[in-house]
Amino acid sequence: MKFVDEFRNAQLGQVLAGEILAELEPGRQYKVMEVCGGHTHSIYKYGIDDLLPANVELVHGPGCPVCVIPMGRVDDGIAVARHEGVIFTCFGDMLRVPGSEYTLLDAKAQGADVRMVYSPLDALRIARENPDREVVFFAIGFETTAPSTALTLKRARAEGICNFSCVCNHVTIVPPLRALLESPDLRLDGFIGPGHVCTVVGARPFEFIPADYGRPVVISGFEPLDVLQSILMILRQLSQGRCEVENQYTRVVPYEGNLRALEVMAEVFELRPHFEWRGLGFISQSALKLSEAYREFDAEERFSVPGVRVADPKACQCGEVLKGVIKPWECKVFGTACTPEHAIGTCMVSPEGACAAYYNYGRLTRAQEAV
Amino acid sequence: MKPERCDPVTGHCITCGDEGIVMRVIELRDDEAVCADELRTRHRVAIDLVGPVAVGDEVLVHAGVAIGHLRAAAIVGARE
């Protein structure tokens, strides 16, 4: 398919790997963070890590929206799902994220009407078809996903659908990146920028990284050649002494973003003063809630929720993994107590989580290296 | 919905992975388009958030909503 196949060409991949090698300064160690969970998945799915020289290390950032949802928010979702007459809808991965006691999948097994949807528009359709039931959508995701929730709520209002509401957990990517950059135990040379978030917000919000923190950013697509070319562009900036935001994903990302999507988001959402991120704690103005104009669709106003903060399990080191301080396989419970089948931490739940990506694609290699 | 793409046990969730799927516009309706992915599976896609699209265009789809309109890219591997 056009725009897909040409970015999976193995021969060009080898060419790019050779160019990466030629760009390296002898004896220097390079650490590059991929911000987005989709990149983490591509890196292991296509074996990009194996094509890179040993002194280029990829660090996984906080870019999986499932991985950053704290337990207390899952408990809130379960409480809403258990209300009489509620049809609770959410994306697939969210079903298995552990709360303090149960997952949404457990709640479904215990009798709650929990349904998986692919789009919030599917949740709205369920509301339209079930006017005597309350339909709640558990909204998660970065700026890539927030426009679809915003569009759904605009349609709900336009159609006068009153039995639809939303638990809003949408988060924004810039505040946690700034928090990571402020972290004293982080050593990074550059960032692979989140291509699909940038499709919506554009490149401008990332200009603070080179300006304030002196690190290059290359906004990247998700096919294997996209990721390799982005790594090359970062290394080339470093070798040429440049530091700026570059856009590798020009076929999708306009520098100013998607103005229509931003306009709809501005109408439907406003910033939360604070939001808790798993492993990163509370970060101010890092999440979205429904604006005053759309408050009637806020499930947290419509239903009582516990709203209790729950500490992460002690054995779980998702926090360190999300900050890139340790690799997933260095966590004490990785692959033993914590597996995709029985996840303790959220990084193991989503296939895009760093731990699940390592477990599914990198475990054998690591085991061989250890021998 | 394609359950195999959003399976809670084994599958890959395009939404949680922040993934966008490139799809070709096959047919235009009022506020949506019928689009085909690389496996030629057809999907109903909301097109409110992108500019005018025509049959044959490629769009980037996330959670049932087109969020981008694809343009010709630079040749991969070429030096910028």
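## Helices α6 and α7 of chain A

In this predicted model, helix α6 (residues 120-129) of chain A and helix α7 (residues 146-159) of chain A have axes that come within 8 Å and cross at roughly 25 degrees. Axes are lines fitted to C-alpha atoms, for helices over the stretch in contact, and angles run from 0 to 180 degrees between N-to-C directions. α6(A) and α7(A) are therefore roughly parallel to each other (angles under 35 degrees count as roughly parallel). Their crossing is right-handed, meaning that the near helix is turned clockwise from the far one by less than a right angle.

On the α6(A) side, P120(A), L121(A) and L124(A) take part; they meet S148(A), T149(A), T152(A), R155(A) and A156(A) in α7(A). Two residues are in contact if their C-beta atoms, placed from the backbone, lie within 7 Å. The residues of this contact divide into four nonpolar, three polar and one charged. Ala, Val, Leu, Ile, Met, Phe, Trp, Tyr, Cys and Pro count as nonpolar, Asp, Glu, Lys and Arg as charged, and the others, Gly among them, as polar.

## Helices α1 and α11 of chain A

Helix α1 (residues 10-23) of chain A packs against helix α11 (residues 224-239) of chain A at an angle of about 15 degrees, and their axes are 9 Å apart. These two helices are therefore roughly parallel to each other as well, and α1(A) passes α11(A) in a left-handed crossing. Residues of α1(A) in the contact include L12(A), L16(A) and I20(A), while those of α11(A) include L225(A), L228(A) and L232(A). The contact residues of α1(A) and α11(A) comprise 10 nonpolar, three polar and three charged.

## Chain A as a whole

Chain A has 15 helices and 13 strands; helices (H or I, at least four residues) and strands (E, at least two) are DSSP runs, numbered from the N terminus. Its C-alpha atoms fill a box of roughly 65 × 45 × 40 Å, taken along the principal axes.

Of the 371 residues in chain A, 54% are buried (20 or more other C-beta atoms within 10 Å of the residue's own, with C-beta atoms placed from the backbone). Among contacts in chain A with a separation of 6 or more, 77% are between residues 24 or more positions apart.

## Chain B

Chain B has zero helices and five strands, in the order β-β-β-β-β from the N terminus on. Of its 80 residues, 41% count as buried. Contacts between residues at least 24 apart make up 29% of those in chain B between residues at least 6 apart in sequence.

## Numbering and model

Residues are numbered from 1 along each chain as its sequence is written, and chains are lettered from A and ligands numbered from 1 in the order in which they are written. In this predicted model, local features need pLDDT of at least 70 and side-chain atom pairs count only at pLDDT 80 or more, whereas totals for chains, interfaces and linings use all residues.

Key: Parallel < 35°, antiparallel > 145°, perpendicular 65-115°, else oblique. Buried ≥ 20, exposed ≤ 12 C-beta atoms within 10 Å, placed from the backbone.
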